[in-house]
Amino acid sequence: MKLIATDMDGTLLNQDGEISKDNAEALQAASAHGIDIVIATGRTYEAAHRPLASAGLSYPIISMNGAVTYKNRKEIQRSAPITESSCERILTVHQAAGSYIELFTSQGIFAPSRKAYMSVVVGMLQTAHPELTTAAAEQYAERRLEDENFQFADDFFSVLDNEGLEVYKMLAFSSEASVLERMKYELRDDNELALTSSGMGNLELNHVRAQKGFALQEFALGLGISLEDVMALGDNFNDLNMLQMAGRSVAMGNAVPEVKEASGFSTKTNTEHGVAHAVHEMLHELKTKSS
C-alpha cells in the first residue's frame with residue numbers, strides 16, 4: 001500500500017468528534033513507512049481541518065464527498081460543482097417534498113433561517129443520539145454555525161444568481177424517511193447527480209464526479225499511485241464509491257451493511273480505534289512480505 005484514504009465521521013473520529021491518540025499515532029506510523037495519507041470526507045475543509053489540527057495532524061483533504069480537493073486551505077487541486085440546471089431542479093424537488101436543505105458553496109454555507117436551522121439540526125442530533133440533552137444539542141448546533149461560515153437566505157434561487165458562485169453540495173434533512181425517498185425518486189433520472197447519505201435522516205447531493213472514489217483516483221494519479229495500492233476506510237453510503245475503487249477496502253465495525261458487503265476487509269468500530277487497528281494490520285502484512 002502506498003496511500004491511505006480515510007473517512008472522518010464514523011471512521012477516523014470517535015463519538016466525541018475527535019481523533020484518538022491511537023488513530024493519530026497509527027497514521028503517523030504509516031507516514032513514517034513512506035505511505036501518503038489523504039482525508040476523504042463529506043465535511044467542508046474547515047470542519048475537517050479542526051480535528052486534524054487538534055490531533056497535531058495535517059493532510060490533504062478531499063472535502064464535501066469529492067467536490068473539492070485541497071492540498072491546503074489556499075490550494076485547490078480539483079473541484080466538481082453541481083450544474084446550475086441540477087441545482088434548480090433540486091430546489092424545486094426539495095420545496096415540493098418539504099425537506100430542510102443547506103447549500104455548500106464557494107461563498108459559504110446557506111441555510112433558510114436561523115430558526116429553521118436550530119430546529120432541524122437539534123432535532124436530528126437528538127434522534128441520532130437520544131442520550132444528548134437539548135442544551136448539548138443546541139451548543140453543538142451553535143458551534144457549527146460559528147465554525148462553518150453560515151449565511152441565511154429565504155430564497156435559494158436568488159442565491160444561485162450570486163456572481164462567481166459554485167455549489168459543491170446540497171444537504172437535505174428530514175425526520176420522515178418518505179420525504180427523502182420522494183426526493184431521490186424525483187431526481188433519479190438526473191445523470192449529472194450523485195445521491196448518497198452520510199447518516200440517518202440526511203440526503204447528500206453532489207455532481208456525479210464529486211464522489212470520493214473519483215476524487216481519490218485523481219489524487220492518487222497525481223502522486224503516481226495506482227488505486228490497487230490504495231487502502232480506503234469508511235462506514236457509510238457516501239464511502240461506497242471510494243471503497244469499491246480502492247485496492248484494499250476496509251469497513252468499520254459500525255459500518256452500514258452495504259459498506260461491509262462491498263469491502264474486502266473489516267476492522268473495529270470508530271469508538272474502538274478501528275482505523276489504528278486496520279493500519280497496523282496492513283503495516284504488519286507489508287513488513288511480513290518484505291522480510
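Me: Two strands pair if DSSP finds at least two bridges between them. How many bridges join strand 1 (residues 3-6) to strand 12?

Reply: This is a predicted model, in which local features need pLDDT of at least 70, side-chain atom pairs count only at pLDDT 80 or more, and totals for chains, interfaces and linings use all residues. Residues are numbered from 1 along each chain as its sequence is written, and side-chain values use heavy atoms, with hydrogens and water left out. Strands (E, at least two residues) and helices (H or I, at least four) are DSSP runs numbered from the N terminus. Strand 1 and strand 12 run parallel, and the bridges that join them number 4.

Me: In strand 13, which residue is the bridge partner of G234?

Reply: Strand 12 also runs parallel to strand 13 (residues 248-251), with 4 bridges between the two. On the strand 13 side, the partner of G234 is A251.

Me: How many residues of strand 12 (residues 230-234) are buried?

Reply: Buried means under 20% relative accessible area, exposed over 50%, and partly exposed in between, with a 1.4 Å probe and protein chains only. V230, A232 and G234 point one way and M231 and L233 the other way, and all are buried. Strand 12 is therefore largely enclosed by the rest of the structure, its buried residues being 5 of the 5.

Me: In strand 9, which residue does Y100 stand opposite?

Reply: Strand 6 (residues 100-105) and strand 9 (residues 167-173) run antiparallel, joined by 6 bridges. In strand 9, the residue opposite Y100 is F173.

Me: Which residue in the turn between strand 10 and strand 11 has a positive phi?

Reply: Strand 10 pairs with strand 11 (residues 202-207) in the antiparallel sense over 4 bridges, and T196 has E204 as its bridge partner. The two strands form a hairpin with 5 residues between them. The turn residue with a positive phi, about 80°, is G201.

Me: At roughly what angle do the axes of helix 2 (residues 21-32) and helix 12 (residues 274-290) cross?

Reply: Axes are lines fitted to C-alpha atoms, for helices over the stretch in contact, and angles run from 0 to 180 degrees between N-to-C directions. The two axes come within 8 Å, and their crossing angle is roughly 25°.

Me: Why does helix 2 count as roughly parallel to helix 12, and which residues of helix 12 does helix 2 meet?

Reply: Angles under 35 degrees count as roughly parallel, over 145 as roughly antiparallel, 65 to 115 as roughly perpendicular and the rest as oblique. The crossing angle of roughly 25° therefore makes helix 2 roughly parallel to helix 12. With contact meaning heavy atoms within 4.5 Å, D22, N23, A26, L27, A29 and A30 in helix 2 meet G274, V275, A276, V279, H280 and L283.

Me: Is D155 buried, partly exposed or exposed?

Reply: D155 sits in the loop between strand 8 and helix 7 (156-159). D155 and P112 are 43 residues apart in sequence and 7.6 Å apart in space, C-alpha to C-alpha. Because its relative accessibility is 32%, D155 counts as partly exposed.
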